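Colleague: Can you take me through a few local features here? Put the structure up first.

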Amino acid sequence: MTRHTLKETDQTVQRLWSRRRKGSAVAAAALTAVLMMSGCAAAGNGADDPAGGDESLGKLSLQLGWIKDVSGAGPVLSELDGFAEEQGFSSAEVLSGGANSSPPATVVAEGKALLALSSVAAVAAANDAGADLRVVGAVFQVNPFVVISMPDSPIDTPQDLVGKKIGVQETNIAMWEAFLRINDIDPADVESVPAGGDAAPLLAGEVDGWVSYISAEPVALELRGVETHKMLWADYGFGFPGSVYIASQAAIDENPDAVRAALASQVQGWRAGLADPQAAAQTVVEASPDLDLSLEQQIAQLEAQNALMVTDETTKNGLLTISSDLVKSSGVVLKAIGLSVDASKLFNLDLIREVHDADPSLRELP
Amino acid sequence: MTQAIELVSRPGAVPFRRLGEGRRKLLIGLTTAAIVLVLWHLIGISHIAPGDTIPTPWAVLTQGVADWPMLARAASQTGTAALLGWGVASLIALVLAIVSVALPWTEAGMSRVALAVYTLPVIALAPLVDLIASGLGAAVIMGAILAFFPIFVATAIGLRTTPALWGEVVQGAGGSKWAVLRFVRLGVVPPSFMAGAYAAAPAAVAGVIIAEYMGGEGGLGIALLTAQQQLDVTRTWAVGLTTGLVSLCGPFLLWGIARLLRIDMSAYGALDTSSQAGSSSNGLRRSLKAVWSLISSLLVVLVLWALAVIVLPLSPLVAKGPVDVMVLLASEPAVRADLAGALGVTTVHTLVGLVVGLIVASGVAMLLALLPAARSSIMPLASVFRSFPVVALTPLIIIVFGRGPLGVIAIGTFIVFFPALVILAKALDRVPANGVDLIRGAGGGRWATLVKVQIPTLVPELFAAAKIAVPLAVTGALVTEWLATGDGLGRYMVAQSNLFRYTEVWAAIAVSSALAMILYGVVAVAQGIISAKYRPGSAQ
């Protein structure tokens with residue numbers, strides 16, 4: 001019986017894979033599958049309108065560039081501390097990101113979020129491909145990228161990189177090569193190896209240097225008792241805001257009030273993080289128990305980030321604003337990336353100025 | 001009958017021997033587990049792994065106990081999504097399989113769609129699915145996509161394998177085609193469906209983990225990502241092992257249900273499509289059929305793709321159809337060159353993993369044929385690792401084996417080895433009994449059996465294993481490129497989506513799917529030729 005069944009099975013497999021049939025069957029089957037897929041999609045898709053509603057501004061959707069840790073403290077606190085509601089939204093939803101999820105620029109271009117944390121370069125690339133996005137504020141005035149190395153073989157200046165093996169995450173390759181070009185180094189002269197989110201290869205001696213945010217791996221390593229040597233890109237011609245807020249031009253045109261209100265809630269969120277890093281980190285950590293974030297590490301990370309937010313510009317004009325110098329130097333970096341765009345057209349800094357003008361209490365740093 | 005006689009003639013003997021057999025198996029199992037743990041422990045305390053990337057089992061267990069609340073919560077979230085995805089896939093696959101049997105003209109199209117879904121590069125797909133439905137929805141869809149193929153294939157096979165005689169009886173009694181379906185064919189749905197569902201359950205978990213890894217809110221995927229990000233090697237291991245256990249829950253439950261309901265799934269090996277040719281069809285004809293199957297599958301994918309772009313709720317900025325991609329490839333030689341270069345790299349990575357994995361698997365399968373005692377303890381382990389979502393293990397494998405060619409080989413081998421071993425070992429089991437008897441009768445031992453009967457049986461089965469492993473090997477190559485080597489199509493897809501170049505992303509998705517389908521087709525053609533040569537009626 002078993003052998004009989006098996007043989008039958010085999011013949012059937014052959015038939016299953018190689019039967020000659022009418023073409024209409026193909027189309028019908030394809031249509032069925034597509035319809036079912038879209039059916040699933042519709043079922044899994046909640047409220048789409050990121051800023052709909054009449055009386056209130058509706059639900060605020062924010063897309064992070066990373067997981068829900070303190071790198072997104074402003075958005076997370078705007079949700080949990082009720083700042084979004086204070087600014088007229090019915091509720092807020094913060095969408096987690098990650099190195100491998102859809103790029104935030106895509107999420108905003110698709111209208112799935114009103115604001116997202118992204119980068120100037122991503123906006124430039126998206127607009128180059130036909131999207132219409134704007135940078136509406138910057139979280140980090142000082143670019144957070146560093147090259148970390150072990151103190152026994154430190155990398156001090158960009159020139160030290162020549163001939164070295166450096167771990168770089170895939171998403172940062174374009175930035176990395178731009179940094180090298182700005183410092184007149186041929187990217188081919190540095191051996192860049194792709195990296196995951198874990199600096200273990202640096203500790204294992206597999207690589208000589210590691211590209212990361214100053215607030216990420218260096219902080220994690222320091223807490224483990226590993227001192228690292230840091231070279232901040234911003235000290236070597238990389239005048240490029242880190243972690244910027246982006247919105248679509250369509251949203252700015254159709255619903256400028258919502259964009260302004262959303263930005264105001266973000267200023268509130270980041271102010272809360274500046275005012276009391278410990279309490280802010282604790283809120284973030286407790287909000288996502290599954291991430292099992294270390295409170296100690298998150299406080300240290302938030303403090304490192306805060307240092308990148310407080311500059312002459314933000315002290316004078318308020319958080320998230322961008323100086324005209326920074327806009328100018330961003331153009332230089334974009335050019336080095338290979339994106340020949342007019343930098344001034346990527347930014348819309350009127351909205352954030354209006355936010356601070358409307359509520360001067362937001363402008364003062366805590 | 002024989003047993004009954006024995007029971008009468010030697011009361012008590014049989015139950016005792018059975019107990020002894022059970023105990024022996026248990027002993028072998030425990031010994032194997034102990035050996036694995038001791039080896040693991042020795043590796044852990046020896047610190048041979050650079051950067052201490054292999055902690056001892058005790059350390060991992062301690063970590064797991066300490067992390068229990070987090071692990072339990074993450075596991076239940078991942079498990080729920082996987083269960084839902086698995087349920088959706090089961091329902092769709094069951095309905096489609098019944099339709100494809102009831103309406104034979106739909107069958108060819110549907111089986112091609114099933115194959116196309118199986119060969120889709122999940123790495124590239126996950127971010128797109130994430131755009132359509134975020135959070136739980138995305139996780140469920142990804143789980144369903146990965147679970148669909150095994151269930152559909154197994155159920156459809158089950159429905160078709162009804163002995164023709166039974167059908168004739170019903171029709172002879174005046175029953176219609178529907179009556180045959182209702183009374184005869186649906187009777188075989190439970191075992192074949194169960195077999196498919198069994199294979200699909202870990203696949204659903206893998207799909208959910210990938211979705212979580214690419215922008216989820218919680219679950220095991222995120223826990224893994226976070227543990228890595230925090231440089232916590234021991235926790236990464238603990239989460240990884242939990243992931244393995246969760247992916248085994250489904251098969252274990254289904255196995256229990258099947259036993260309880262006395263359903264015999266063994267006849268329906270889901271994906272383990274054997275190469276045994278029917279005596280009626282010759283190799284050449286089968287090969288021609290495989291070629292036609294390949295071409296028509298590619299056409300189906302094109303139609304499906306064009307429809308998906310229209311139907312799916314994505315803007316034209318992101319959703320690019322076959323025409324967009326063809327225009328791009330026709331007009332941009334630079335893109336063509338980049339894509340061709342990346343394809344070449346991915347092809348090499350795929351073939352390396354496939355070949356090494358198959359070689360190692362057939363070596364081990366032959367060894368196991370010689371050592372039945374080892375076999376009974378290793379095969380359950382093979383089934384365990386067959387279900388393990390490799391994406392979750394990739395970062396660990398890279399840390400241990402490095403980012404170079406060794407890492408590529410290790411990951412490819414790991415992905416291909418276990419499914420191939422299961423197929424090959426099962427094939428060795430199916431070795432014609434009369435062939436074995438003949439050798440044994442002539443005084444030949446296990447070795448002679450292996451060389452004269454089992455190896456000739458193994459050769460065509462290698463192609464069956466290769467066919468199943470091809471899409472897995474392509475996925476493995478893409479994952480490795482994305483996480484470790486930073487080249488090939490795996491890197492290309494991620495890099496292009498970060499640059500918002502979605503036409504290029506779709507081109508890469510199409511190319512990697514085509515790679516999987518063409519390799520699958522090539523293996524099928526070779527299988528047709530080889531199996532015709534290798535088994536000249538040996539089954540008779």
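Modeller: Helices (H or I, at least four residues) and strands (E, at least two) are DSSP runs, numbered from the N terminus. This is a predicted model, where local features need pLDDT of at least 70, side-chain atom pairs count only at pLDDT 80 or more, and totals for chains, interfaces and linings use all residues. Residues are numbered from 1 along each chain as its sequence is written, and chains are lettered from A in the order in which they are written.

Colleague: Where is Phe500(B)?

Modeller: In the loop between α21 and α22 (502-534) of chain B. Phi of Phe500(B) is near 65 degrees, positive in a residue other than glycine.

Colleague: Is Phe500(B) buried or exposed?

Modeller: Phe500(B) is buried, at 3% relative accessibility. Buried means under 20% relative accessible area, exposed over 50%, and partly exposed in between (1.4 Å probe, protein chains only).

Colleague: What about Asp184(A), buried or exposed?

Modeller: Asp184(A) is exposed, with a relative accessible area of 71%. Asp184(A) has a positive phi too, about 60 degrees, without being a glycine. Its loop runs between α7 (173-182) and β7 (191-195) of chain A.

Colleague: Back to chain B. How many residues of α5(B) are buried?

Modeller: 13 of the 13, so α5(B) is largely enclosed by the rest of the structure.

Colleague: At what angle do α15 and α21 of chain B cross?

Modeller: Roughly 135 degrees, with the axes of α15 (residues 333-370) and α21 (residues 488-498) coming within 6 Å. Axes are lines fitted to C-alpha atoms, for helices over the stretch in contact (heavy atoms within 4.5 Å), and angles run from 0 to 180 degrees between N-to-C directions.

Key: Heavy atoms only, no water.
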